[in-house]
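Hello,

I am passing on a structure for you to look through, with the sequence beside it.

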Amino acid sequence: MRYTRWGALVATATLGLSACAADAPAAGPSIDPSWQSVAVGPATFHVPAEWEQSAGADLYPGSDTDETVAITAPENDERVRAGVLVTVQSSPTRDAAAEAGALMLGEKATTGADDVETGGGELAGASSVATVTFVSDVQRSDGTTAELRSRWLVADLESGEQIIVKAIGPRDTFDDTPLDTILQSVEISS
């Protein structure tokens, strides 16, 4: 549930984020050489050079979350940002499939998520991978609603850690963002 609160907070503060597609993205994307590499614990991913770290890295002090990094794109014309949140847990309390299920239930309860799809995938260095995607509405500070698409990837690492990656952006333009490529760029170091 702690990830759900982050999603609502960032979406409200930056006025947008989300994703959709059942299976984990295919590995091996072509990464633009100008993109920056971001490391979060054992996970590394790549984002466009103009994306930057945003507030939210320490939203859950005292929780079982060891490290969280939030990276967002510049605002679009509608003051909406796409973004990625990566969290590492050293002592997860449930496996990837159960965590993905809990994330989905939390989003349904808090944002009315629909068009939900679940799936799995593979990631080198992970013993299991679960995905969940959905569309949800987030109330903006000005009273309007933003329709968002979210794609979550949850991976149980062979080291015993768990990573959770959330890609979120405006529903109508999600496919025009590099969010899928960012998800595909996730690598685990041994």
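E5 and E9 run antiparallel and are joined by seven bridges, where two strands are said to pair if DSSP finds at least two bridges between them. As background, the strands of a sheet pair through backbone hydrogen bonds, either parallel or antiparallel.

Thr87, which lies in strand E5, counts as buried because its relative accessibility is 1%. The side chain of Thr87 also makes a polar contact of 3.3 Å with the side chain of Thr68. A polar contact is a pair of N or O atoms within 3.5 Å; within protein, one atom must be able to donate a hydrogen and the other to accept it, and residues adjacent in sequence count only if both atoms are side-chain atoms.

**How to read the values**

Residues are numbered from 1 along each chain as its sequence is written, and side-chain values use heavy atoms, with hydrogens and water left out. As the model is a predicted one, local features need pLDDT of at least 70 and side-chain atom pairs count only at pLDDT 80 or more, whereas totals for chains, interfaces and linings use all residues.

**The overall picture**

The protein has three helices and 10 strands, and along the sequence they follow the pattern α-β-β-β-β-β-α-β-β-β-β-α-β. Of its 190 residues, 51% count as buried. If contact means heavy atoms within 4.5 Å, then residues 24 or more positions apart account for 62% of the contacts with a separation of 6 or more.

A nonpolar core is a set of buried Ala, Val, Leu, Ile, Met, Phe, Trp, Tyr and Cys residues joined through side-chain atoms within 4.5 Å. The largest such core has 29 residues, and those with the most contacts inside it are Phe45, Trp51, Leu123 and Ile163. Among the elements that each supply at least two residues of this core are strand E4 (65–72), strand E7 (126–139) and helix H3 (179–184). Leu123, leaving out residues up to four places away in sequence, touches Val129, Leu153, Ala155, Ile163, Val186 and Ile188. There is also a second, separate core of 11 residues, which includes Met104, Val132, Val154 and Ile164.

**A sheet of three strands**

An open sheet of three strands has the order E1-E2-E10, with antiparallel pairing. Its edge strands are E1 and strand E10 (187–188), each of which pairs on one side only. Five bridges hold the antiparallel pairing of E1 with E2, and Val38 stands opposite Phe45 in E2.

**Two residues to look at**

Glu147, in strand E8, counts as partly exposed because its relative accessibility is 36%. Which residue does the side chain of Glu147 meet in a polar contact of 3.0 Å? The partner is the side chain of Arg171, and although Glu147 and Arg171 are 24 residues apart along the chain, their C-alpha atoms are separated by 5.8 Å.

Asp115, found in strand E6 (residues 114–120), is partly exposed, with a relative accessible area of 42%. Its phi is near 50°, a positive value in a residue other than glycine. Most residues other than glycine have a negative phi.

**Where to be careful**

The protein averages a pLDDT of 79, and 77% of the residues score at least 70; pLDDT is the predictor's confidence in each residue, from 0 to 100.

Best wishes

Notes:
Helices (H or I, at least four residues) and strands (E, at least two) are DSSP runs, numbered from the N terminus. Buried means under 20% relative accessible area, exposed over 50%, partly exposed in between (1.4 Å probe, protein chains only).
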